Amino acid sequence: MSTDTRIESVLAWEALDSRGNPTVGTEVRLRGGGRGTAIVPAGASTGSHEARELRDGGTRHGGRGVRRAVANVGTEIGPAVRGLDAADQAAVDRIAREVDGTADLGRLGANAILAVSLANQLAAADGLREPLYRLLGDGAPPLLPMPMVNIVSGGAHAGWSMDVQDILAVPLGASSLAEAIEWAARVRRAAAELVAARDLTAALVADEGGLGPPLPGARAGLEIVTAAIERSGLTPLADVAIAVDVAATQLVGPGGYRLGERGTVIDSERVIATIAEWARAFPIVSVEDPLGEEDWDGWTRARDALAGLQVLGDDLFATDLSRLRRGIAAGAADAVLVKPNQNGTVSGTKAVVEEARQAGLATVISARSGDTEDSWLADFAVGWRTGQIKVGSTMRAERTAKWNRLLQIEAELGGAAEFAGRAALELRVRAPRAGLSRGPRSSSAG
Ligand code: PGA
Ligand code: ZN
């Protein structure tokens with residue numbers, strides 16, 4: 001294999017994601033022999049400002065087929081990038097965007113464009129014989145991220161068994177990624193035992209590998225996860241804290257938000273007050289999408305009112321640079337969720353991470369609820385030093401692919417491995433909570 005990193009060929013096919021829906025797979029081959037393969041993820045609770053994936057409609061796969069997107073790689077994107085240097089990711093992405101010609105990439109499909117963009121980045125690393133995270137790091141030291149691990153799901157991820165979408169464990173007190181994963185797995189098992197003691201739904205797994213028991217509301221889920229942390233022999237907040245993804249855009253309806261007792265509709269202020277109340281009763285450190293994607297004023301008020309929490313924007317920002325800039329100007333959030341397929345290209349996603357960092361926002365790189373067996377997201381977290389990562393629970397292979405890759409990188413780095421630890425969140429939480437300011441745990445725990 002030579003180090004000629006010019007693109008020789010691009011192949012695409014219709015693959016399946018973890019929900020069994022079609023998605024785009026792509027392989028990029030380089031003249032020197034380097035290769036990269038990527039299969040793109042897809043969301044369920046998608047924001048309306050995301051780059052637009054192309055679906056076929058009709059009857060195949062219930063209309064969700066991606067044969068047109070696959071064909072667009074073969075007839076338009078592939079030919080346009082052939083001969084370019086894969087090591088110049090920005091140039092490849094620029095050409096792909098230009099060929100599409102639309103702002104939301106909806107003509108050729110953001111799924112087609114991201115597949116080529118990702119496969120190109122992977123091929124470049126292979127061709128240059130560098131681990132992907134090293135190439136992405138561009139000289140910066142690798143940083144292993146603090147995980148957010150899905151324990152209980154509701155909303156669009158679990159047939160609306162509960163109103164909020166996800167309740168996650170954040171192993172704040174862990175001193176390594178390996179310890180963080182072990183603690184999270186322990187909490188996941190303990191939560192399953194608690195659910196099994198009440199009903200039979202513990203064997204049922206939600207879209208991201210969390211539990212999906214029918215619950216009257218978020219408080220019941222928060223109680224289960226807090227009890228699971230204690231049952232695991234860990235201290236809530238100091239060892240393992242909680243993150244909540246309200247996914248409030250999904251709760252917007254006539255007259256306000258459908259949050260709380262089933263059917264109740266409340267306004268932004270009541271939503272904020274409800275979250276503040278949860279944060280007083282439970283060891284919560286991060287809240288994602290507390291309000292809807294268009295409720296800009298509400299977000300600014302929420303960030304002021306929830307000063308002890310990391311206020312994290314997912315659908316609000318949709319990994320889009322101009323929305324992020326608007327949010328920064330408005331003081332709408334402390335952190336941005338980063339999903340490559342909301343953006344459409346690797347370099348566009350990187351620009352969002354860099355902009356956030358410059359403005360002092362934290363970054364949480366994230367998988368989708370319909371994800372694939374690919375592990376590149378782990379390398380992106382480490383190389384780009386995002387500090388935090390969310391990929392679902394500690395089970396289901398499309399989830400463990402990412403955790404296992406992070407564990408491999410940590411092992412590979414050995415003594416040189418740097419783990420983001422609690423500092424990944426501490427810097428953002430403007431009114432530190434008692435448990436957060438405690439010193440780090442010894443590394444022998446767990
Ligand atoms: P999605 O869920 O992939 O269904 O959008 C993930 C999230 O909301 O964070
Ligand atoms: Zn979300």
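Donors are N, O and S atoms within 2.8 Å of the metal. The views below show a predicted model.

**View 1. Three residues hold the zinc ion (ligand 2).** Asp245 (OD), Glu288 (OE) and Asp314 (OD) coordinate the zinc ion at 2.1 to 2.2 Å. Along the sequence, these donor residues follow the spacing D-x42-E-x25-D. Glu288 sits in strand 10 (residues 284-288), while Asp314 sits in the loop between strand 11 (310-313) and helix 9 (321-330), so the pair ties together parts that are 26 residues apart in sequence. Glu288 counts as buried because its relative accessibility is 2%, and buried means under 20%. Asp314 is buried too, with a relative accessible area of 2%.

**View 2. Helix 1 bends at Val73.** Helix 1 covers residues 67-81. At 1.5 Å a residue, its 15 residues should span 21 Å. The end C-alpha atoms are 20 Å apart, which agrees. The kink is about 45 degrees. Buried residues of helix 1 include Ala69, Val70, Val73 and Ile77. Strand 1 (7-16), strand 2 (22-30), helix 2 (89-100) and helix 3 (110-127) are among the elements that cover them. After helix 1 comes Gly83, with a positive phi near 90 degrees.

**View 3. Pro145 is buried in a loop.** The loop runs between helix 4 (132-137) and strand 4 (146-153). Pro145 has a relative accessible area of 0%. Leaving aside neighbours within four places in sequence, its contacts include Leu177, Val382, Ile389, Leu406 and Phe419. Asn111 is 34 residues from Pro145 along the chain, and their C-alpha atoms are separated by 26 Å.

Definitions and conventions. Residues are numbered from 1 along each chain as its sequence is written. Chains are lettered from A and ligands numbered from 1 in the order in which they are written. This is a predicted model: local features need pLDDT of at least 70, side-chain atom pairs count only at pLDDT 80 or more; totals for chains, interfaces and linings use all residues. Side-chain values use heavy atoms; hydrogens and water are left out. Helices (H or I, at least four residues) and strands (E, at least two) are DSSP runs, numbered from the N terminus. The expected span of a helix is 1.5 Å times one less than its number of residues. The bend at a residue is the angle between axes fitted to the seven residues ending there and the seven starting there. Buried means under 20% relative accessible area, exposed over 50%, partly exposed in between (1.4 Å probe, protein chains only). Contact means heavy atoms within 4.5 Å. Donors are N, O and S atoms within 2.8 Å of the metal (3.2 Å for Na, K and Ca); water is not among the atoms, so sites may look incomplete.
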